[in-house]
Amino acid sequence: MVPDINPPGGRTIGLLKYLYRTSDIEAHVDPHIVAAYDPFIADPGRDPSATFTELAADLDQWVDALKDKAPAKHVWHCSVRTADTDRILSDEEWATVARRIVNATGIAPEGDEQACRWIAVRHAPDHIHIVATLVRADRTQPRRHKDATRAQAECRKIEREFGLRQLKKGDGTAAKRPTSAERRKAERLGQEATSRELLREHVHRALAGAADETEFFDRLAAEGVRIKKRVAPSGDLLGYAIAIVGDRNADQEPIWYSGSKLAPDLSLPKIRERFKANGNAPEPPALMERAGESAQARARRFAAEATDTTLTVITSQDDETVAAHLIGVSEVLNALAQTTPGRPHADLREAARIFERATRSHIRAEQTQMHALRRAARQIIHSGPALGRGADGATTALVLDVLMLTVIVAGRWHAAHQHAQQAEASRQTAERLRAAYQAAAAAPLADIRAYGKRLSARTQQNHADAIRSALPKLADRVQAEASWPALAAVLDQARRAGHDTTALLRRVAAQRELESVGSLSEVLVWRLYRLDLVPAEIPTAAPAGERTAKQAQQTAPPATLPSAEAAHPRRR
């Protein structure tokens, strides 16, 4: 259940006419009052003789009594909406919700005979609108400090008591939710989301790894949105606003959204903080070159290393550094979503959108700490789309494997800091990343498994012995998994490069615990793959000098039965 309190307005009758209007708003069905300060108030939705003028005059009575001392913005408006998956509430239940909201927000405390005048109008199954005037009967204004926070808290209680979907407690750092009018307009225009949500995604896509303002605005223009810059007389850029092409108001003017209206961290000053970090941070260490590796694969391998550092940071660094790394992880996600075509794309795009909520809290990020992640995002963007197979596919699966663990750990960090919405966003992101990983890893793992299955029985047994020596408690589990041949393939490549596979397994196993992972063999594959000890692309053909058990049987000389004389030598 989501309460949405709008900034105070100045015309009571204008809002009433909108709430009751059905002629051109299909979503408005049977508008009527479900609760009010006076249970006998005349309802234009039920009483043909009642008028909007009379209803507005009733609500405005104490406002009008103040005459020129009345507040100019005196109309308080709060919509309350249930989730799509919730049951339909009755009018009586919505009346209870309205009374509890006006009580919690200080508009009309229970038992207060001097409280503000208010009504609750229902014109759709899933929400109501509460309208109140901000002058009490004693001619004072209500005490509504932090009314939005108190309304949210009351809705959390109502959800539990009514058996509705329980949302997470907010902390005031979320981006503004689309209004009902914005949602309805998006439906009419056939948009997949509201203009506000689409524009927010466009800005995040343009920002991912951008080096400076010039690149940011160039990439934003390439997204196909309209851009309006606010420039001072000196020529300095003060701010920006963007609009969806074709999204216009009643006067046929573009509907502009400033960066700060899209999200608190998308204002121009906040964006500039990220750019300043680029020049102040040291260059991250370079990766070892791999023969035959594409720019896309190399960029993803670098992103995996940078993201893996975040795991260490979350468990060992200060909160400001962690907050910065989470912003950097968000940029890597956005970069991957733009350059990973095929089956993983939709889940990656949704993961990037959801995780954006996990990047904002009241902890101020130390921006210089995200340089490596921003550089990783930049490399991914500039390297272009990656293929689904070969080294490109393998490194895509590799970075998704690391990202999945990172957001899980980020969720635990948020939960420990009582960041309920951010923790929930991390959980949902992990689910999307798991789906994206499974789609991305299918082809490269199949190729690597093909190599492993062509190894001779003796070679496979040697690698199984190495597993049992390094991980005695987990060896049986590894060999029972579908990706065991892939692990054998990576171990074989490491052995052919002259490495001690038992020592390597102990090394990667010591990085983090393994008991709770899903596929143990896949986790080990990607940890070994990151060590630069195997070629960028593992061959699928049978290794030179190797014969599988099946091949050995096919090429063996035919067996011959012994002759009778040989079987029964003549006695002499």
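How far is the sulfur of Cys 78 from the closest cysteine sulfur, and in which residue is that sulfur? The distance is 7.3 Å, to Cys 155, too far for a bond. This is a predicted model: local features need pLDDT of at least 70, side-chain atom pairs count only at pLDDT 80 or more, and totals for chains, interfaces and linings use all residues. Residues are numbered from 1 along each chain as its sequence is written, and side-chain values use heavy atoms, without hydrogens or water.

**Cysteines**
- The structure holds 0 disulfides, a disulfide being a pair of cysteine sulfur atoms within 2.5 Å.
- Cys 78 is buried at a relative accessible area of 0%.
- Cys 116 is buried too, at 2%.
- Buried means under 20% relative accessible area, exposed over 50%, and partly exposed in between (1.4 Å probe, protein chains only).

**Whole chain**
- The protein chain has 23 helices and 8 strands; these are DSSP runs, with helices H or I of at least four residues and strands E of at least two, numbered from the N terminus.
- Of its 572 residues, 52% are buried.
- Among contacts (heavy atoms within 4.5 Å) between residues at least 6 apart in sequence, 72% join residues at least 24 apart.
- The chain exposes about 27700 Å², and carbon and sulfur atoms supply 50% of that area.
- Accessible areas come from the Shrake-Rupley method with a 1.4 Å probe; for residues, only the protein chains shown count as cover.

**Ala 221**
- Ala 221 sits in helix α8, residues 213-222.
- Ala 221 is partly exposed, with a relative accessible area of 44%.
- The C-alpha atoms of Ala 221 and His 202 are separated by 9.6 Å, with the residues 19 apart along the chain.
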